[in-house]
Amino acid sequence: MVDLTLPAPGASVEAGAPPGIERLDFEIVPRKGLVIVAAALVLLIVAIAVNKLWPLMFLHVAGGAAWTIIDLFLGLVLGPILGRLSIPARVEFTTKLMPKMLLIMPTVVTLTLAAGWQLGTKLGTVLTSYHNHGWVVASFIVVGVMSVLALGLLEPANIAVLIELKKPRPRPEVIEHLMKRFIYCAGILGAMQVATLVIMTKFATG
Amino acid sequence: MNDRRLPPVTELAMASLALIIAGGIYLSSHLPRHLPLAPAVALLAASALLLAGNLIALARVRDFAWERFFQVGRWSLLAYVVIAGMIEYAFLRDHLTGGPLVVLTLSLVVFAVHVPTLVGFTVARYHEPDAGPSPGLESAAGARSSAG
């Protein structure tokens, strides 16, 4: 289990940030990153419009690899480490990692799914006549469950933690509650990515 | 932490998202066969009802941090409208028409409204009036700060 205990809110709240939580200056949404996101989305639109095999395959495989690796690494490696860091280290790490995740994850997920759907339409792998159709439906279900968790729990928690850390007096109990949600969700998503790897390797080998 | 009772917005939103995703899987897993739309329509209607219920329940909460809710929700809405637009573009590019297009488009509308609602709610529920504004949120998005 991950230990996420933070110090209880003290009476010294009036004096500024609670002990152990230093207020750091950071951007919730990194503006420079928005340019890269826009470029990636333009590439996706062009790839779908031209409907050629290589651009679609590239965006689907590159996006999917990034998505799987980030989920596995965050959920199974970084998450547990994050839970054991000292509070100042955890806060500093969070303020550097989470704003980037806010841009990276929706972008790689959109690239992977949109390019993947177009690729499946082009190759006929989304049709019921495809010999591995059961595995395709399984991949839809895995992605669906991951989407509900990511959209319903992970991303709102991510944004709420960043906004709490931006406050003049961040409250440890709120950050603890939201970080717990974030780390457990990331762990579940990491485990579900193993199912994605099983399904995708099954496709690749026929 | 704020211990007041709030409606189960997160739970209802997740159920609503699960329903429209189930409808999408139902439609996409039967391509290219023509299949009855009724199950997908029923799932979409249930999802839309949950969205409406969530919005009504939320609107009845007293002393909610609406300013913070809308401050976060509108930027999330912008992001999810872009994502929904990309998905809709893929549907149109694939010449999807008729009933399936209507069902999937309305599903995207529910998705693009419900996720920002959830994000705004999660942030606003932890807002305390004396905690002050988040100085970086609006400036990060390139807008003038309107938080009080």
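Mentor: The answers that follow concern a predicted model, and each sets a value against a definition.

Trainee: How do you know that Asn51(A) is partly exposed?

Mentor: Asn51(A) has 14 other C-beta atoms within 10 Å. A residue is buried at 20 or more and exposed at 12 or fewer, and partly exposed in between. The value of 14 lies in between, so Asn51(A) is partly exposed.

Trainee: Where is Asn51(A) placed, and what is its phi?

Mentor: Asn51(A) sits in the loop between α1 and α2 of chain A, just after α1(A). Its phi is positive, about 55°, although Asn51(A) is not a glycine.

Trainee: What makes Asp63(B) count as exposed?

Mentor: Asp63(B) has 7 C-beta neighbours inside 10 Å. The limit for an exposed residue is 12 or fewer, and therefore Asp63(B) counts as exposed. Asp63(B) belongs to the loop between α2 (38-59) and α3 of chain B. Its phi is near 55°, a positive value in a residue other than glycine.

Trainee: Is His34(B) buried or exposed, and how do you know?

Mentor: His34(B) has 10 C-beta neighbours inside 10 Å. His34(B) and Pro100(B) are 66 residues apart in sequence, and their C-alpha atoms are 9.6 Å apart in space.

Trainee: Why are the buried residues of α1(A) said to line one face of the helix?

Mentor: The buried residues in α1(A) are Leu44(A), Ala47(A) and Ile48(A). Seen down the axis of α1(A), the buried residues fall within an arc of 95°, so they line one face. An α-helix has 3.6 residues a turn, so residues three or four places apart point the same way.

Trainee: What covers the buried residues of α1(A), and which exposed residues are on the face turned away?

Mentor: The cover includes α2 (53-84) and α3 of chain A, together with α3 (66-93) of chain B. The face turned away from the buried side carries exposed residues, among them Arg31(A), Lys32(A), Val35(A) and Val50(A).

Trainee: How does the span of α1(A) compare with the expected one?

Mentor: The helix α1(A) has 20 residues and reaches 30 Å from its first C-alpha to its last. At 1.5 Å a residue, 28 Å is expected, and the span is close to that value.

Trainee: Which residues touch the most other members of the largest nonpolar core?

Mentor: They are Val161(A) and Phe182(A), in a core of 82 residues. Helix α4 (residues 133-166) of chain A gives the largest share of this core, 15 residues. Leaving aside neighbours within four places in sequence, Phe182(A) is in contact with Leu154(A), Ala157(A), Asn158(A) and Val161(A).

Trainee: How many residues does each chain bring to the contact, and what classes make up the side of chain A that touches chain B?

Mentor: Chain A brings 41 residues and chain B brings 38 residues. On the side of chain A that touches chain B, the largest share, 16 residues, comes from α4(A). By class, that side has 24 nonpolar, eight polar and nine charged residues.

Trainee: What is the pattern of chain B along its sequence?

Mentor: The pattern reads α-α-α-α-α, with five helices and zero strands. Of the 148 residues in chain B, 39% are buried.

Note on methods
Residues numbered from 1 in each chain as written. Chains lettered and ligands numbered in written order. Predicted model: local features only at pLDDT ≥ 70, side-chain atom pairs only at ≥ 80, totals over all residues. Core = buried A, V, L, I, M, F, W, Y, C linked by C-beta atoms within 7 Å. Helix = DSSP H or I, 4+ residues; strand = E, 2+ residues; numbered from the N terminus. Contact = placed C-beta atoms within 7 Å. Nonpolar A, V, L, I, M, F, W, Y, C, P; charged D, E, K, R; others polar. Expected span 1.5 Å × (residues − 1). Arc of directions from axis to C-beta.
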